[in-house]
Amino acid sequence: MGFFSTIFGFFGFGLGISIGLVAGYFLFIYVQSSDVEDPEIQPLVDQDPKTLERMLPEIPLWVKNPDYDRLDWLNKFLEYMWPYLDKAICKTAKDIAKPIIAEEIPKYKIDSVEFEKLTLGSLPPTFQGMKVYVTDEKELIMEPSIKWAANPNILVAAKAYGITATVQVVDAQVFASPRITLKPLVPSFPCFAQINVSLMDKPYVDFGLKLIGADLMSIPGLYTYVQEFIKDQVANMYLWPKTLEVPIMDPAKAFKRPVGLLRVKVLRAMKLRKMDLLGASDPYVKLKLTESNMPSKKTTIKQKNLNPEWNEEFNMVVKDPQSQALVFMVYDWDKVGKHEKMGINVIPLKDLPNDEPKVLTLDLLKTMDLNDPQNEKNRGQLELELTYKPFAEEDLQKGYDETQTLEKAPEGTPPSGGLLVVIVHEGQDLEGKHHCNPSVRLILRGEEKRTKHLKKSRDPRWEEEFQFVLEEPPTNDKLHVEVVSTSSKLGLLHGKESLGYVQISLSDVISNRRINQKYHLIDSKNGQVQLELQWRTAE
């Protein structure tokens, strides 16, 4: 009986379990409790601050502040590259610190100071977000928010009088919000000449410090003192508006600052070709430096002369003698129609000696292609005297801020007046009804100047400079600025059209000496033009 009871007991247990599971499944699926309510879903914007803080312990800046952009891609990059960056940064730090330590330790009678261990740990810094500002000046401003909970191991051993003491830095935390400014932006790699770094707030710095294995930060009062000391020292050096300036490029090349003066004396031309029907020519010479926005220099016109003598001098500002060249062109002046080009040639400035006049007699060519068979024909010669005078070295070593100061007006400027400099930088969102090949007209007191026209461009960039010599300050005058589009096709229909204009009062320029801003164009939907105005006096 006992055997059968056991068998029936197991059978009954298995049957009961099976029936219970099946019944429970059907009850769970088909029977709903009336006490259970549907969950209420609310958007995050409707939550109170305490609920949000409980749900999201650390809210990124790009969520709290829409001015900040996400930098997940940069954090991923740092995470992958950090093992290599760690070694490179530590090696650079050692190379920089070694000569400084070697110079300083004799003052304190210390035998040696060495890094026994130097690693920044396995945890890279994290960018919580970044603000980016674009101004009308040639600069780019960035404000990243950086948090770094690091596990470094920096062990420094100092030896003096036969005793070795070790100092170890561990478990560092750094929270900082720097402002990084790249300026000025230049058209050569890496496209900026200087980096300025400032701190917008005092940084938070926390770390562990061990001396001969003992934790110094556990000493009462020392932890708070060290933290405040570091914050104050860093703030005194780099808290905005104080900056750390890191030059990237040579100032003379980056700022395109003048480095010398080229004196050109056009002496004479010989055996010029006859261009007119009556067997003569009316020649004049046009001079221009490559990589320069300054207008060309022109000699006087010599009527009906195939061997003219000018003996006229011109001064031209040089910004890069290694790459710039002097281009001279001889034209035949015509009263009606286009002036005919009689010949051309180029003189590289790097071939000229410093402070020594050099007389050159050059053949006139049809084109600058040396393989052009038309250059074999005799077109005459031009004789020039060239003198390149580089500026003194001390006049070139200026930083970016010094280049922003206004220059004096050149000699010959009226003492009661001055020089109005207009720099046409760029246009934006220009739009024409029939074509958009924009150029800018500047009119002041009846004098007109014009930029070159750029084909098919709604956002043109000119970067051209113009000068108006005035007998008296233009306090009550207005500068007329008009953007004009010229058709690139021949024809009388829709040859020119205005893309907008603006009248700029010059009283603010006289009082501020310099204005750089964008102006909305009248009679244009969204068009803008950026101008920089400077008022220079002889004082």
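Strands (E, at least two residues) are DSSP runs, numbered from the N terminus, and two strands pair if DSSP finds at least two bridges between them. The model is predicted: local features need pLDDT of at least 70, side-chain atom pairs count only at pLDDT 80 or more, and totals for chains, interfaces and linings use all residues. Residues are numbered from 1 along each chain as its sequence is written, and side-chain values use heavy atoms, with hydrogens and water left out.

**Sheet**
- Four strands, in the order E13-E12-E15-E16, make up an open sheet with antiparallel pairing.
- Strands E13 (297–298) and E16 (340–348) are at the edges; each has a single partner strand, so one side of each lacks a neighbour in the sheet.
- Strand E15 (residues 325–332) runs antiparallel to E16 and is joined to E16 by 8 bridges.
- Asp 332 has Glu 340 in E16 as its bridge partner.

**Surface patches**
- Like charges are joined within 9 Å and nonpolar side chains within 5 Å; the place of a charge is NZ for Lys and CZ for Arg.
- A patch of positive charge comprises Arg 273, Lys 338, Lys 341, Lys 366 and Lys 377.
- Lys 338 is located in the loop between E15 and E16 and is exposed (over 50% relative accessible area), at 76%.
- Leu 244, Val 246 and Ile 248 form a nonpolar patch with about 200 Å² of accessible area together.

Technical notes. Patch = residues over 30% accessible without salt bridge, like charges linked within 9 Å, V, L, I, M, F, W, Y side chains within 5 Å. Areas by Shrake-Rupley, 256 points an atom, 1.4 Å probe, with all protein chains shown as cover. Salt bridge = Lys/Arg side-chain N within 4 Å of Asp/Glu carboxyl O. Lys, Arg positive; Asp, Glu negative; His and termini not counted. Buried < 20%, exposed > 50% of the residue type's maximum accessible area, 1.4 Å probe, protein only.
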